[in-house]
Amino acid sequence: MDSLWSGYVIPGLLILAQILAVLLPVMIAVAFVVYFERKVLAWMALRRGPNIVGPWGLMQSFADFLKVFLKETIIPTGANKVVFLAAPLVTFILSMVAWAVIPFGPGLVVADINVGILFLFAISSLGVYGIIMAGWASNSRYPFLGALRSSAQMVSYEVSMGFVIVTVLLCVGSLNLSAIVEAQRGLWFAIPLFPMFVIFFISALAETNRHPFDLPEAESELVAGYMVEYSSVPFVLFFLGEYANMMLMSAMTAVLFLGGWLPPLDIAPFNWIPGPIWLTAKIVLLLFVFIWVRATFPRYRYDQLMRLGWKVFLPASLLWVVITAGALVAFDWFPK
Amino acid sequence: MVLQEITFYLFSAIIVASGVMVIAARNPVHSVLFLILAFFNAAGLFILVGAEFLAMIMVIVYVGAVAVLFLFVVMMLDINYVELRQGFLNYLPIGALIGFILLVELVFVLGTRFATPETVGATGAPIPPLSEMTNTEALGQVLYTRYIYLFQASGMVLLVAMIGAIVLTLRERGGVRRQSIARQVARRRDEAVEVRKVTPGSGI
């Protein structure tokens, strides 16, 4: 009985507490990311943005969530019910699961696993299932077209993302995310691997179906793509999942290229600030770029999107893998 | 230990059940979804034995890439499910035969393990204990150091197969207006615009 208590119950509760400590801030942050997006877009369009609910409109997202929660859940008659309801759950759960391996500071990580970066890559490549299942199960044309576009798009951009990750791994010599961050002490990978950083960020845009690659939900042609038939709670799950994925991709970019929790310079005023705050600052910066891109660029045409993925990014990232590996061998810079 | 056993039986039970559902489900899309569930739980089993790298690769390659393409194709098929079932009895003997051969092979593999336990460690590359080396490194040692030529050769085979598949399916359709970005960029002003003096009352 004693071993049951100390062997299972207490570690179990501890793990549960850690998970909540990561997920609750993430979920609350999602609400503010939505607000942030609306506000930034408004400023860029010389509007005011949400400013009624709460001080400076800060509570706007919560009001919106409450409103959507109170709506009726509509399941279309022709829909495949189980898959239809499983799809938003898949999107939401996957966007939450991946936070387990993100290191917020030295040792501040729920699961410090050896293959952390592969785990992140695996989870992000699974994100397509939520969309493809939603599109198919809705049994309707627009969602189906959205799902087809999305699956082709996400699979294409994953390939170049994989190569970008390989270049970073060559410079680190470990798949562990904490080791990747530690390897950037002194010099962030965004500087020596700048082209890879740009490719990774643009692929992240495509991977999260964000502008200018938001063809799966292009409202002018597909209404709202795979989300057309969703309402109420399933819709909220999609929405939360999508924004959590945006934050996740920003966190991934920050960890891989912007030194994760590390300060930009390891000198006095910078290293007084704790690591989690640095990571948050970098995530916010990248989220701002996500929104900035949305406000600036028109949507890509589908063939242009495919061309960019397969004919530009894939050869470029492949070339950089070769160059990086060559440089590491030539100057004997391999991490020991 | 108890927890590990419970997890093992849970994963295995789900694999077997979803494996059955893959062939029993009426709807091909459901079959693919059950296949994905089976892949996932297989990855779980890999993690249980400490093969974390294989587990992640399993998820990335099979679930993230292969199954997406399956689903992509199966979703677009317009099949009459009843018609699909009708050939079942015709294919039963050959299916059973293949299943039987696989079973016999599995029995052989397991049989050597029990009959002559000393051969088990001796045939492959030596596996370092988990505490000394992460299994990413161990796999790298085996694939890229010990069997580098075989590995490269298999890579070549796959490359040839890939190029073959592309060549076989590539067809040029006439009458399609494709965007040629190089041509657009290379265009000069004097090719695009021509300035002519037009005298009033006469056209061009």
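Student: What classes of residue make up the lining of the largest cavity?
Tutor: In this predicted model, that lining has 8 nonpolar, 8 polar and 2 charged residues. Here Ala, Val, Leu, Ile, Met, Phe, Trp, Tyr, Cys and Pro count as nonpolar, Asp, Glu, Lys and Arg as charged, and the others, Gly among them, as polar. A cavity is a set of points on a 1 Å grid over the protein atoms alone where a 1.4 Å probe fits but cannot get out, and lining residues have an atom within 4 Å of a point.

Student: Which residues lie nearest its centre?
Tutor: Of the 18 lining residues, those are Thr91(A), Gly127(A), Met154(A), Glu207(A) and Asn245(A). H3, H4 and helix H9 (232–257) of chain A each give two or more residues to that lining, and H9(A) gives the most, with 6 residues. Helices are DSSP runs (H or I, at least four residues), numbered from the N terminus.

Student: How much space lies in the largest cavity?
Tutor: About 200 Å³, where a volume is the space filled by probe spheres set on the grid points, joined across faces, edges and corners.

Student: What about the second largest pocket, how much space is in there?
Tutor: About 1200 Å³. A pocket is an open set of points with protein on both sides within 12 Å along at least five of seven lines. Its lining has 37 residues, and Ile93(A), Leu94(A), Leu126(A), Leu37(B) and Phe40(B) lie nearest the centre. Helices H3 (81–97) and H4 (116–137) of chain A, plus H1 (2–24), H2 (28–48) and H3 (52–76) of chain B, each give two or more residues to this lining.

Student: OK, new topic. How many residues are in contact between chain B and chain A?
Tutor: 26 residues of chain B are in contact with 27 residues of chain A, contact meaning heavy atoms within 4.5 Å. The two chains bury about 2200 Å² between them, and carbon and sulfur atoms give 77% of that. On the chain B side, Met56(B), Ile60(B) and Met75(B) lose the most area, together 25% of what that side buries. Buried area is the accessible area (1.4 Å probe) that two parts lose on being put together, summed over both.

Student: And how is chain A divided?
Tutor: Into domain 1 (1–59) and domain 2 (66–330), with bounds from an automatic or database domain assignment. Their centres, taken over C-alpha atoms, are 18 Å apart. About 1600 Å² is buried between these domains, 88% of it from carbon and sulfur atoms.

Student: What span should helix H5 of chain A have?
Tutor: Its 32 residues (141–172) should span 46 Å at 1.5 Å a residue, and the end C-alpha atoms are 46 Å apart, so the two agree. The expected span is 1.5 Å times one less than the number of residues. Just after H5(A), Gly173(A) has a positive phi of about 85°.

Student: Where is the cis peptide bond?
Tutor: It joins His211(A) and Pro212(A), with omega about -5°. Pro212(A) sits in the loop between helices H7 (194–207) and H8 (219–222) of chain A.

Student: Anything to know about the numbering and cut-offs?
Tutor: Residues count from 1 along each chain as its sequence is written, while chains are lettered from A and ligands numbered from 1 in the order written. Local features need pLDDT of at least 70, side-chain atom pairs count only at pLDDT 80 or more, and totals for chains, interfaces and linings use all residues, while side-chain values use heavy atoms, leaving out hydrogens and water.
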